[in-house]
Amino acid sequence: MTTPTASFAGRTVFRIGYGALQLERLHDRRGEAVALLRRAVEMGVGHVDTAEFYGFGFANDVIREVLRPEDGVLVVTKVGADPNPGGSPPLRLAQRPEQLRASVEDNLRSLGVDRLPVVNLRRLDSGPGLRPEGDQVVDLDDQLAVMTALRDEGKIGAIGLSSVTLDGLRRALPAGIACVQNAYSLVSRDDEDILELCAAQGIAWVPFFPLGGAFPGLPKVTDEPAVQAVAESLGATASQVGLAWLLHHAPNALLIPGTADVAHLQANMAVGEITLDTAALATLDAVESRSNDVPIG
């Protein structure tokens, strides 16, 4: 595979992007954060995934400083949760329509733009994480109404969905969906039916936790003997093989691995050059899939 690209929100982008969550690890070393993101762009990153609650605005602030219009980088942000400093976890759900609108406005301000190219609505219906309760249980149609209104107003360019079920995606299709961002990896393939629908509809598939997760109860791709064996045969790392499998598995899959380290960034970007032959793919496809539908926080 050489310089793999895919369509995303009407653009053609390199299939390996950058997840900005890890920038918060450099909160006290802002210069390093700026240099890291600039290096990512130089290496070909064409889309960056972020949120206002990443580092309580720090990630968006770094993106605002680094990215220039001529870079042509697609910035993808999300709504459905807001920063909650001191909380555990350090975010609070913000699912109500007025909260979604306020979150879009917050992202517009912190990113310093008049329009957000893509905004993911984090539904929290599936996968690991919090579940909405009380007034945070909101009908999808009510949320899509405000998201489409924001798009009509020119404040967002395209709508994505995150942590969504197959039924939820089907209901949302008439609104026009650019991407789906669910937890998915070689060891957690519960959402294969959603991935197939995305492929059929030309919707980008942007998995989070692409290597499993560090949370208790979530399986890790790098723990799998089959992954380790393939990695050894290729002279690659288990992480690289896990990411390469995603690229091979679905042509509409885009990756957003995050890191606060330049060497790790280079390793992630090199995944696009890894070729998995038929035997390697068969070995990896045979790995057992386990559910990632566990509570966190």
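Visitor: Which residues is valine 180 in contact with, leaving aside its neighbours within four places in sequence?
Guide: Valine 180 is in contact with Leu161, Val164, Leu169, Ile194, Cys198, Ile203, Ala204, Trp205 and Val206. Contact here means heavy atoms within 4.5 Å. This is a predicted model, where local features need pLDDT of at least 70, side-chain atom pairs count only at pLDDT 80 or more, and totals for chains, interfaces and linings use all residues. Residues are numbered from 1 along each chain as its sequence is written, and side-chain values use heavy atoms, with hydrogens and water left out.

Visitor: Okay, which residues touch the most other members of the largest nonpolar core?
Guide: Tyr18, Leu23, Leu169 and Val180 do, out of 82 residues in that core. A nonpolar core is a set of buried Ala, Val, Leu, Ile, Met, Phe, Trp, Tyr and Cys residues joined through side-chain atoms within 4.5 Å. Buried means under 20% relative accessible area, using a 1.4 Å probe and protein chains only.

Visitor: And which helix gives the most to this core?
Guide: Helix H8, residues 238-249, with 7 residues. Helices are DSSP runs of H or I, at least four residues, numbered from the N terminus. Another core, of 13 residues, lies apart from the largest one, and Ala6 and Cys179 are among its members.

Visitor: Switching topic: why does glutamine 99 count as buried?
Guide: Because its relative accessibility is 13%. Glutamine 99 sits in helix H3. Not counting residues up to four places away in sequence, glutamine 99 touches Arg92, Leu93, Ala94 and Gln136.

Visitor: What follows H3?
Guide: Glycine 112, with a positive phi near 70°.

Definitions and conventions: Buried means under 20% relative accessible area, exposed over 50%, partly exposed in between (1.4 Å probe, protein chains only). Helices (H or I, at least four residues) and strands (E, at least two) are DSSP runs, numbered from the N terminus.
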